[in-house]
Amino acid sequence: MFDTIIIGAGFAGAVLAERLATQRQQRVLVIDKRQHIGGNCYDCFDQHGVLIHQYGPHLFHTDNKQVFDYLSQFTEWRPYQHEVLAFIDGQKVPVPFNLNSLHSLLPKSLADSLELKLIDRFGYGVKVPILELRKINDKELKFLADFIYEKIFVNYTAKQWGKKPEDISAEVTGRVPVHISRDNRYFQDKYQAIPAQGYTKVFQNMLDHPHISVMLNTDFKDVFKLDLETGRMQFMQSEFTGQFIFTGLIDELFASRFGELPYRSLAFKFEHLSSQQFQEKTTVNYPNDYDFTRITEFKHISQQVTPGTTIVREFPQDFERDNPSRNIPYYPVFTDENKQKLDRYLAFAEQFENITLVGRLAENRYYDMDDIVARALHVFDARFASPG
Ligand code: FAD
Ligand code: UDP
């Protein structure tokens, strides 16, 4: 029946399904255990008519023209530049921490002197990861680095990951580097925009092809079997000899044979308020207060005009496979120990010629949306583009 079976209807699965159907005329089946397509990028209208992101705020940004052009086949865009504030010492200041944050939080003479030092040392416009800034051997800059580390990073990271910044990959806090600039935007990428009709519509357009079938509410383990000794695959009791693309948890596919990989989950608490607006910007981070990390107000993203407003608070928690309130793995946990385990899985996966692992969970990488679209396009070119 099908040339390729894909597990997961997020961007990894949807890009590959679209490419295989339109460029290779393959018959593709996409299976997802959720009741909708879109993976974590899924958005929908809540009962008050506000367009919400079910799995946390998703802001598209990229410098990759190929990715932007590719997605533009499936959507129009509305320009949107993301800004985030952090609640620090009773004030809301821009994050990533920048020169405006510096002047808001420190006395003028000290802030002036630190600004000059930062520009002198690194140059205007440069981004410096906090863990790098902390290594600088200069008394005043060391004071600033410790200040930013304490006020912005240490407690937020403890909530988000249950760890200190230095105990997870430097890539994680490096996503939000100190920015020696007065640019308050969260991202500086060339293309920053929101799909005009939301993300789910993009997925609908990508998967709307006569050769693509979608099976929702289905855990792959209930319909698909992989014999780890022989590599033989079965779909609905029949042998399956086509290609299998997997975008779920790599350890789940391989029956946790090298042990389970840890992930972080989130509890999203949505609230609808009767006021027009709740906060100044889309997202406000709370590094040092409360149990949640951040509050997002969706109307800033959708730019809708509605009488009330909907917000969401994010409460980080450990992922637990058998606990329905904790069983969505949003983030792989990026530590050296987990990387070693992951490498064993990735090496094991190589023996299965007809199996391709791609996606944030399948590859255990901190992919943003543009990264995973780029990755899926690359995988298509490398593995599936030519008939041979
Ligand atoms: P997913 O979207 O997770 O899709 C995987 C799919 O596989 C899911 O639908 C899942 O249900 C399915 N699946 C898993 N296991 C099984 C199974 N056993 N059987 C059947 N189906 C299964 N990126 C940005 O660029 N900008 C942002 O602002 C941004 N914000 C984010 C905020 C949060 C809170 C999170 C968690 C992520 C954010 N991202 C953002 C990242 C973005 O969500 C990912 O890059 C993207 O979703 C990765 O796509 P994917 O296809 O790899 O994974
Ligand atoms: N971070 C922080 N304080 C902040 C914002 C981010 O400590 O105010 C750290 C934290 O460790 C977080 C990481 O930087 O997990 C990456 O932040 P990002 O906003 O990219 O996280 P995501 O949107 O992927 O959850």
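Reader: What makes helix H6 a kinked helix, and on which residue is the kink centred?

Author: In this predicted model, helix H6 (residues 139-161) has a kink of about 45 degrees centred on glutamate 150. The bend at a residue is the angle between axes fitted to the seven residues ending there and the seven starting there. Residues are numbered from 1 along each chain as its sequence is written, while chains are lettered from A and ligands numbered from 1 in the order in which they are written. As the model is predicted, local features need pLDDT of at least 70 and side-chain atom pairs count only at pLDDT 80 or more, whereas totals for chains, interfaces and linings use all residues.

Reader: Which residues of H6 are called buried?

Author: They are Leu144, Ala145, Ile148, Tyr149, Ile152, Phe153, Tyr156 and Thr157. A residue is buried if 20 or more other C-beta atoms lie within 10 Å of its own, exposed if 12 or fewer, and partly exposed in between, with C-beta atoms placed from the backbone. Just after H6, glycine 162 takes a positive phi of about 65 degrees.

Reader: Which helix gives the most to the shell around ligand 2?

Author: H6 does, with 5 residues. Of the 13 residues around ligand 2, Phe153, Tyr156, Thr157, Arg175 and Asn285 come nearest; a residue is near a molecule if its C-beta atom, placed from the backbone, lies within 6 Å of it. The shell divides into 8 nonpolar, 4 polar and 1 charged. Here Ala, Val, Leu, Ile, Met, Phe, Trp, Tyr, Cys and Pro count as nonpolar, Asp, Glu, Lys and Arg as charged, and the others, Gly among them, as polar.

Reader: Which residues come nearest to ligand 1?

Author: Of the 36 residues around ligand 1, these are Gly8, Gly10, Gly39, Gly56 and Gly248. By class, that shell has 17 nonpolar, 10 polar and 9 charged residues. Helix H1 (11-24), helix H9 (220-223) and helix H13 (369-384) each supply at least two of its residues.

Reader: Which residues touch the most other members of the largest nonpolar core?

Author: Among its 61 residues, Ile6, Phe11, Leu16, Ala17, Val30, Leu207 and Ala376 do. H1 gives the most to this core, with 8 residues. A nonpolar core is a set of buried Ala, Val, Leu, Ile, Met, Phe, Trp, Tyr and Cys residues joined through C-beta atoms within 7 Å. A second, separate core of 25 residues includes Val84, Leu118, Ile130 and Tyr186.

Reader: Why is asparagine 217 called exposed?

Author: Asparagine 217 has 10 other C-beta atoms within 10 Å and is therefore exposed. The residue is found in the loop between strand S12 (212-215) and H9. Leaving aside neighbours within four places in sequence, asparagine 217 is in contact with Lys33 and Gln35, contact being C-beta atoms, placed from the backbone, within 7 Å.

Reader: Why does methionine 236 count as exposed, and what is its phi?

Author: Methionine 236 counts as exposed because it has 10 C-beta neighbours inside 10 Å. Its phi is near 50 degrees, a positive value in a residue other than glycine.

Reader: Why is glutamine 303 called exposed?

Author: Glutamine 303 has 11 other C-beta atoms within 10 Å, so the residue is exposed. Phi of glutamine 303 is near 55 degrees, again a positive value in a residue other than glycine.

Conventions:
Helices (H or I, at least four residues) and strands (E, at least two) are DSSP runs, numbered from the N terminus. Two residues are in contact if their C-beta atoms, placed from the backbone, lie within 7 Å.
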